[in-house]
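This briefing covers helix packing and a chain contact. Please read it alongside the coordinates.

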Amino acid sequence: MSGDGQALRIASLTALGRMLRQGEVTAVEIARHSLDALDTAGRALNAVVTLTTARALREAARADAELAAGHDRGPLHGIPYGAKDLLATAGIPTTWGAVPFRDQLFSFDAAVVERLEQAGAVLVAKLAMVELAGGMGYDQPNASLTGPGLNPWNTNAWSGGSSSGSGSAVGARLVPFAIGSETQGSITSPSANCGVSGLRPTYGRVSRHGAMALCWTMDKLGPICRTAEDCGLVLAAIAGPDARDPTAANRRFLYPPTTQRAGGFRLGVLSGAGDGAQPEVAAHFEGSLAVLREIATLEEITLPDLPYGAVSAIVIGAEASSAFDGFLASGHAAALTAPEDRVKPYAYATISAAEYLRAMRVRRQIARVMDELCARFDALVSPTLPEVAPPVDEPFSRRRHRRWPPLTAAANLAGLPAISVPNGFGERGLPTALQFTGRAWSESRLLALASAYQARTDWHHRLPPDPPQAQT
Amino acid sequence: MAERRPAPAPELVERHLAVARAAVGRALDAAENALLRENVERLRGAVAILDAFLLENGDEPDASFHVVEGVDRT
């Protein structure tokens, strides 16, 4: 192939599509390149659960044949991707990252996988994740049937939580994009840790049919990509109503939009956003604000004092207890990888219906207050995480900076979208990141903002060291 | 601060811990017991925060959930 490996590592979705359409490379060649990279570096990073080789080569060959016949499905035509292994794929194991489900097979594809196939994308791998999306209360990176997710920028650091393989595979440039899921932080966190762009859509933007349920009223699916623009292209392919998921809203999402703002934004900056963060995180956030002043007016704001963490603990605990009721009663939780995951979820059984509803009543106040706050701005801006990726061999509870920013729970409880983009490198050469959070259904605005930021910076173009190779 | 966590009463924790232990359905070693206790205490703390918040701020009559919709001005 004339498109060499390095070109494929750095190309955006648009650039890859151009290479395909100009005949510089075929979809089969790109798929093979991605499959080879995933089989070596991907496995070394513990990012891969299953390579979907046969399906990938079939879909790629179809993509090539269609392009040759003049049938172009759009910007994802012939582009390989990986799916977090909580998305059902017909006849291919869907492990939910957990030993007790390692042989689980579904007879159908998740809605997101269907839509990506219709868009011409090529599924090359089921990607690693924290077991059961972290809903059992894990306290360490080693909480997955594939081992701890390793960070492509420093393999002694963690890649994620819980979409670890999606973050790592995109960060190591093994796939152009991946699908992750977020209940509370599981798209933005691995995106920040791995130096890539991750979009958490509004609750209800993307159908969850065929996705593992952890917390029905908070689970979202979204893209992890190299750039914000790529996130928009993928979201456009997967968003939309679906009768099989009644929460999927009947709203269109088009990308690129007919007109895209590049300036004149109004941003709310959370006061004390860098407090308690690692010094590099705080410094890079200040540097990002200086860049953003070129395209936006900034106003310092305070996040209303509401019990975000307490509400999310009760809502996630109660819903996870229900979603995994049979599994927990079966005793199979004893086979989970992290010792804490084998016992901690049984505490969820102590949450009463009255307590859950109490939390949901407070949650409604949170949703209203967050909307009132976000309505004043195009987005709230904050560091995505207070620290770089933690060491791979250390419990999170020992980390001084580990506490989630309150905005993470607040925005997830309110179902609000956010995009995380890289904004520098901190301790141990690991990425730091910046996050834009907006009103419900404001993804276009968030993408315009993130794209404008990325047009002025080059953090998203930086490449990690050469990918490690699998031990043989 | 809304997130200030009042310590849950010890007898309340013990009562809920017994429920959680029963749900596990097998004998637990000391380390497992400690993990379970930690999570029970965390959840009881969260409930106490909610109770205190509702007492101070009033109730919301409707427990259903809908995303509060904004208008995309892009």
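The notes below are grouped by topic.

The model is predicted, with local features needing pLDDT of at least 70, side-chain atom pairs counting only at pLDDT 80 or more, and totals for chains, interfaces and linings using all residues. Residues are numbered from 1 along each chain as its sequence is written, and chains are lettered from A and ligands numbered from 1 in the order in which they are written.

**Helices H10(A) and H14(A)**
- The axes (lines fitted to C-alpha atoms over the stretch in contact, with angles from 0 to 180 degrees between N-to-C directions) of H10(A), residues 308-323, and H14(A), residues 406-414, come within 9 Å and cross at roughly 55 degrees.
- Helices here are DSSP runs of H or I with at least four residues, and strands are E runs of at least two, numbered from the N terminus.

**Helix H13(A)**
- H13(A), residues 353-374, has 22 residues and reaches 31 Å from first to last C-alpha, close to the 32 Å expected at 1.5 Å a residue (1.5 Å times one less than the number of residues).
- Its buried residues (20 or more other C-beta atoms within 10 Å of their own, C-beta atoms being placed from the backbone) include Arg358(A), Met360(A) and Cys374(A).
- The buried residues of H13(A) pack against H10, strand S11 (379-383) and H14 of chain A together with H2 of chain B (contact means C-beta atoms, placed from the backbone, within 7 Å).

**Chains A and B**
- The contact takes 49 residues from chain A and 36 from chain B.
- On the chain B side, H2(B) gives the most, with 13 residues.

Methods: Contact = placed C-beta atoms within 7 Å. Buried ≥ 20, exposed ≤ 12 C-beta atoms within 10 Å, placed from the backbone.
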